[in-house]
Amino acid sequence: MQIELRGVNKTYNNGQPLHVLKGIDLDIEQGEFVSIMGASGSGKSTLLNILGILDTYDSGEYHIDGVLIKDLPERKAADYRNKTIGFIFQSFNLINFKTAVENVELPLFYQKVNRRKRHEKAMAYLERLGLKGWEQHYPNEMSGGQKQRVAIARALITKPRIILADEPTGALDSKTSAEVMQLLKQLNREEKVTMIIVTHDQNVAAQTDRTIYIKDGVIGQ
Amino acid sequence: MRDLFVEIWESVKRNKLRTSLTGFAVAWGIFMIIVLLGAGNGLMNAFLRDSEDVITNVMTVYGGETSKPYAGYKEGRYISLMKRDMDLTAGPLFKDHIDNVLARLTRSGFNMVYGQKSFSVNLTGCYPLQQQQAGFKILAGRFINQKDIDEMRKVVVITDDQARNYLKGGTNYKTLIGRRVNINDFSYVIVGVREGFENEGDSAVYLPFTTMVTQFNTGEWLDVLSFTFHGLETEEENKAFEKYYKSVIAGAHQAAPDDESVVWISNRFTQNMQVNKATGMLNTALWIVGLFTLLSGIVGVSNIMLITVKERTHEFGIRKAIGARPMEITKLIVSESIVITAVFGYIGMFMGMVACEILDKTVGSASVDIMGMSMKVLSNPTVGLDVAIEATLVLVIAGTIAGFFPAHKATKIRPIEALRAE
């Protein structure tokens, strides 16, 4: 089992305590294509953030490949996010003052890959995602679909084993959404990357192999 | 490294006005440090007119006046130094510390004649070491040497000013060497031309001490006795030695051994120590003033770095999400802070050095009259490489401090919160 959650609890303490995740048990295998669905406030984004080690949890256990991920020092967490996990966000989260290719290079920069090598690699990934000719453009010169493809290239460039996507099509029109979903599906098949997509869009969930429903902080059916 | 500079440049480029305004404060701070230290150096240099050629381990002894009745004499008796004091000084009593003993005797009202020209001059009988002690340069020929002393040669060393008068305004002093002058109808050979400080009352014609004594019949008297010494390192050791020396001389003149005013001792070694101490204190004071000026610049840099961190929180969140370690974020901010501080600091340093040069060209050549003596206000008011290196160090440290707290703040924020910020 690649991802294993046992009784994970999370409470936010902003003013009055908010118990967001109430004992999550979840198993996801290597290469699965999974969607997590739920209403807003159901805790699905919190769950994704915990899976991505962007956020911490209060109790329970979370294992990646049998390694317990709990209270990691920020340096270790950063290394996991750099090498094992790739993120795709609803709002793309590209750095605006960097060009497409510079954005894609960035994770390799943090792996201390030399400049020529990471540049070549980033160019190759952009070409593969159909962005040839757009490498030197800044994010604000691109359409939503193009930006999301840059973000996907950035998530893929380190060859992560898990990709976490938080509403990847949330900011895109339906035609572009379909294209992006097609792309993610294809990557899952070709690269055997575990793909976990948080969405509230039934059409998106329908294209995944398994859908996990979350309601009021517990996993339902 | 190049990537880091690209990142810094991108960040600075986006905030040109803000960066340059704060940078100005840093530049101003360093500018003040350089100008203050430069002016301080100039002031000290003006006081200590190029003293690098002067030997410092010298005590000079002058005759004094007794302050206590002793051995049947009343107080208030004038004590003049004599030849036997010189022998005593060079004798076995002080051989542990005293190396060379020399004496000087000046008499005024002589007439020196060269061709048709005639002047009234002061004659100073001296020893070879006089030159090193007084610290003047020989411009042509040589100074009095030991042979002159031993053979009581009739030779003189004149000042550049006197030489110019013979040469009708020329400065080819060499041509005067070997020429003869008459002093009170005795013929002397000019062996050297020295640098004189006429405006400070230094216009003596030097001749060998022994020649002076025999030619002008000055007897046993001498004006000033001086000696070089060694092995007295602290102020206390020097004081104790001076006290002992005075008691010996007092004994030779039938004065009370504990009478401190029998002779006056001017100790260049301890004076130098005190001057160095004063110079050090002045420098420290100027540094402190300068550093406080710089402080406002540093606070400014720290402030814009805080704003930068706040503005870039979301970006740092992205960087963290794709695997930037906290150290990478810290490096980014601290090095940006150092680069801003250093670049503007160097601009300030350069401007400060230019200002010092301007000061040198304007005030540096001006002089004021103090009690009939002309004195330079500032002499060479510039700073050396050491100050430039120290200032660089200060800039790097200041930049690090300025960047450290904002960087700490940036790394403290959790990635998920940073990503939510906008």
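Is Val224(B) buried, exposed or partly exposed, and how many other C-beta atoms lie within 10 Å? Val224(B) is partly exposed, because 17 other C-beta atoms lie within 10 Å; a residue counts as buried with 20 or more such atoms, as exposed with 12 or fewer, and as partly exposed in between, the C-beta atoms being placed from the backbone. The structure is a predicted model, in which local features need pLDDT of at least 70 and side-chain atom pairs count only at pLDDT 80 or more, while totals for chains, interfaces and linings use all residues. Residues are numbered from 1 along each chain as its sequence is written, and chains are lettered from A and ligands numbered from 1 in the order in which they are written.

The predictor assigns the complex an ipTM of 0.93 and a pTM of 0.71. For chain B the average pLDDT, the predictor's confidence in each residue from 0 to 100, is 86, and 94% of the residues score at least 70. Among the elements of chain B, the highest mean pLDDT, 93, belongs to helix α10 (residues 313-321), and the lowest, 62, to strand β12 (residues 373-376). Helices (H or I, at least four residues) and strands (E, at least two) are DSSP runs numbered from the N terminus.

The contact between the chains involves 19 residues of chain A and 16 residues of chain B, two residues being in contact if their C-beta atoms, placed from the backbone, lie within 7 Å. On the side of chain B that touches chain A, two or more residues come from each of α1 (2-14), α10, α11 (326-361) and α13 (415-420) of chain B. Helix α10(B) supplies the largest share, four residues. By residue class, the side of chain B that touches chain A holds eight nonpolar, one polar and seven charged residues; Ala, Val, Leu, Ile, Met, Phe, Trp, Tyr, Cys and Pro count as nonpolar, Asp, Glu, Lys and Arg as charged, and the others, Gly among them, as polar.

In chain A, four strands make up an open sheet with antiparallel pairing, in the order β2-β1-β4-β5; two strands pair if DSSP finds at least two bridges between them. Strands β2 (16-28) and β5 (67-68) of chain A are the edge strands, each pairing on one side only. Within the sheet, β1 (residues 3-14) and β4 (residues 59-64) of chain A run antiparallel and are joined by five bridges, with Glu4(A) opposite His63(A) of β4(A).

Two non-glycine residues of chain A have a positive phi. Ile53(A), in the loop between α1 (44-51) and β4 of chain A, has a phi of about 55 degrees although it is not a glycine. With 25 other C-beta atoms within 10 Å, Ile53(A) is buried. Lys192(A), for which phi is positive at about 60 degrees although it is not a glycine, is placed in the loop between α6 (174-191) and β8 (194-199) of chain A. Lys192(A) is exposed, with 12 other C-beta atoms within 10 Å.

In chain B, strand β2 (residues 98-114) has several antiparallel partners. Eight bridges link β2(B) to β3 (residues 117-126) of chain B, and Leu105(B) has Gly125(B) of β3(B) as its bridge partner. These two strands form a hairpin with two residues between them, and Gly115(B) in the turn has a positive phi of about 60 degrees. Two bridges connect β2(B) with β6 (residues 180-183) of chain B; Val113(B) stands opposite Asn182(B), and Met112(B) has Ile183(B) as its bridge partner. Strand β6(B) also pairs in the antiparallel sense, over four bridges, with β7 (residues 186-194) of chain B, where Phe186(B) is the bridge partner of Ile183(B). The hairpin of β6(B) and β7(B) has two residues between the strands, and Asn184(B) in its turn has a positive phi of about 45 degrees.

Strand β9 (residues 224-229) of chain B contains Val224(B). Five bridges join β9(B) to β2(B) in antiparallel fashion, with Val101(B) opposite Phe227(B). Leaving aside neighbours within four places in sequence, Val224(B) is in contact with Thr60(B), Val61(B), Tyr62(B), Ala103(B) and Arg104(B).

Helices α2 (residues 16-47) and α9 (residues 268-311) of chain B have axes that come within 8 Å and cross at roughly 175 degrees. Axes are lines fitted to C-alpha atoms, for helices over the stretch in contact, and angles run from 0 to 180 degrees between N-to-C directions. Helix α2(B) is therefore roughly antiparallel to α9(B); angles under 35 degrees count as roughly parallel, over 145 as roughly antiparallel, 65 to 115 as roughly perpendicular and the rest as oblique. The contact of α2(B) with α9(B) comprises 15 nonpolar, eleven polar and one charged residue.
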